[in-house]
2 protein chains.
Amino acid sequence: MSAEIISGTQMRQEILAELEHEVKAMQEQHGTVPGLVTILVGENPASVSYVTLKVKTALSLGFHEVQDNQPEDISEQDLLALIEKYNNDPAIHGILVQLPLPKHINEDAVINAISPDKDVDGFHPVNLGKMVIGGDQVRYLPCTPAGIQEMIVRSGTETEGAEVVVVGRSNIVGKPISVMMGQKGPGANSTVTMVHTRTKDLAAHCQRADILIVAAGVPGLVKPEWIKPGATVIDVGVNRIGVSEETGKAILSGDVDFEAAKEIAGKITPVPGGVGPMTITMLMKNTVKSAWWHLQEKV
Amino acid sequence: MSAEIISGTQMRQEILAELEHEVKAMQEQHGTVPGLVTILVGENPASVSYVTLKVKTALSLGFHEVQDNQPEDISEQDLLALIEKYNNDPAIHGILVQLPLPKHINEDAVINAISPDKDVDGFHPVNLGKMVIGGDQVRYLPCTPAGIQEMIVRSGTETEGAEVVVVGRSNIVGKPISVMMGQKGPGANSTVTMVHTRTKDLAAHCQRADILIVAAGVPGLVKPEWIKPGATVIDVGVNRIGVSEETGKAILSGDVDFEAAKEIAGKITPVPGGVGPMTITMLMKNTVKSAWWHLQEKV
């Protein structure tokens, strides 16, 4: 029996429709819309393409969207000053600085300079700390883990008491999703194990997982026989494994052997079209949240 | 064969001797010593006894120690102003507000008001966030988890690739120690599972653990047969299970049945005299660290 495919592309449509509705309501009730600034430094092709998609999505939702692109050689000081300008701009609710930054700029300093109130990427230490504390303190969850949790919940996967195994311990996926799935409350309450390069028996851990979240960046790392029959498999890997002769575009593969895995898993995300589209969607959701929070504070 | 007892009381002596040495060196080299302010609101007997011990330990190390006790009915605003005063006091490197606070005061607001640079308890969201990020960003680790990690390392327990199971998901123990043991680097690099009230098979998880950290607050929760032979067992529970007829003092018990467990474990911490003494010790260590950092910033 073949697994149910959890389509990020389709969920994105659903969530964006919800957000569009919210933006309209905000416009009608308060005469304002969410404001997002995207700051792209230099012209790295992958970054250009990510930012372009973010801008396009923001505009399609009716956001106030400011593209403030900067040359590759902007000084760290000037970039920090630019961020400070947007920290103080009441029309801006979310500040996105596209990573990676050129080597002469300290990325941590830049992330830490964004006001935690406008940190819609959820990378600021304050927001990560609040994520750990949980409950009412949570403000912005980092976008990829938030997207993963949303996919798990919207696909109808039971999380309460579920065995969750997270493969990979990055700051933007593995660590935060491990914390989030172990928290109290709906959509969480799972028993989480985070495995990584130093883990002794990767296969045995994966085989226990009711929900297997793979964010290692290693194509085909997870073998089909590591998947528990009926498990929900979330594949976060986006690996360029070649170039299509026909289209000239990169051929993408996840960290899981999709074709084999879908015969064993209960539900599975494809690559592309799985977690990828959810990340930008959650960025939009965080920006709408921020706009509501800022409106409440004004009231 | 009976387990090796990991004595927190003895480790405390070792670490305090190291810190005393550092304080003397700081005094000689820079003419200054670490400064700690303890703020106790009201007269809760347990809080009085904790603060007294903290003050006594700080004084024994040669710290500049300020006891700034406040009446039960201090307003939140006045308490916040007091914290702000110490945030700006260059002779103070660590600010400790004894918890719990009276109900009319918002604890989160108080914790968040302490400058992250002086947050030697390690409870501020910024410091929790930096703990998640790991590496160079880490500043103050929360004291109890830091003490647990120190006990594991100093007892010669191998953490690299070890299976760590953490029982309990509190903000001050379970969640932070789970993150810390899974980080890259020495004294960590473990495969961590955090289990809790919603976990389906607590016994099976505990039985996998090379290092079992129990912080559930339930006396005798962990049964001897849940312990893997040879495992290192860290019992964080401090439960008052009665009062001694002889001394009138509380009888304390951990979350693990110590007498039975020590016949199976390789290494085990007792209660009392285990993790307890390490918490205050790590508070002192954080304060010394803070003093060095503040000195470096001045240089």
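Colleague: Are the residues of strand S8 (residues 232–235) of chain B buried on one side or on both faces?

Modeller: Both faces are covered. B:Thr232 and B:Ile234 are buried on one side, and B:Val233 and B:Asp235 are buried on the other. Buried means under 20% relative accessible area, exposed over 50%, and partly exposed in between, with a 1.4 Å probe and protein chains only. Strands here are DSSP runs of E with at least two residues, helices are runs of H or I with at least four, and both are numbered from the N terminus.

Colleague: What sort of model is this?

Modeller: This is a predicted model: local features need pLDDT of at least 70, side-chain atom pairs count only at pLDDT 80 or more, and totals for chains, interfaces and linings use all residues. Residues are numbered from 1 along each chain as its sequence is written, chains are lettered from A and ligands numbered from 1 in the order in which they are written, and side-chain values use heavy atoms, without hydrogens and water.

Colleague: Back to S8(B). In which sense does strand S7 (residues 211–214) of chain B pair with S8(B)?

Modeller: Parallel, over 4 bridges. Two strands pair if DSSP finds at least two bridges between them. B:Ile211 stands opposite B:Thr232 in S8(B).

Colleague: And how many bridges join S8(B) to strand S11 (residues 267–268) of chain B?

Modeller: There are 2 bridges, again in the parallel sense. B:Val233 faces B:Ile268 of S11(B) there.

Colleague: What is the order of the strands in the open sheet?

Modeller: The sheet has 12 strands with mixed pairing. The order is S1(A)-S11(A)-S8(A)-S7(A)-S5(A)-S6(A)-S6(B)-S5(B)-S7(B)-S8(B)-S11(B)-S1(B). Strand S1 (4–5) of chain A and strand S1 (4–5) of chain B stand at the edges, each with a single partner strand, so one side of each has no neighbour in the sheet.

Colleague: Which residue is the bridge partner of A:Thr193 in S6(B)?

Modeller: B:Thr193. Strand S6 (residues 191–195) of chain A and strand S6 (residues 191–195) of chain B pair in the antiparallel sense over 3 bridges.

Colleague: What lies across S6 of chain A?

Modeller: Helix H7 (residues 174–182) of chain B does. This helix also lies across strand S5 (163–167), S6 and S7 of chain B, and runs at about 165 degrees to S6(B). Axes are lines fitted to C-alpha atoms, for helices over the stretch in contact, and angles run from 0 to 180 degrees between N-to-C directions. Contact means heavy atoms within 4.5 Å.

Colleague: What sits over the ring of A:Trp293?

Modeller: The charged end of A:Arg139, 4.5 Å from the ring centre. The cut-offs are NZ of Lys or CZ of Arg within 6 Å of the ring centre and within 35 degrees of the ring normal.

Colleague: Last one. Where does A:Gly8 lie?

Modeller: In helix H1 (residues 8–30) of chain A. A:Gly8 is buried, at 0% relative accessibility. Leaving out residues up to four places away in sequence, A:Gly8 touches A:Met151, A:Gly273, A:Gly274, A:Pro277 and A:Met278.
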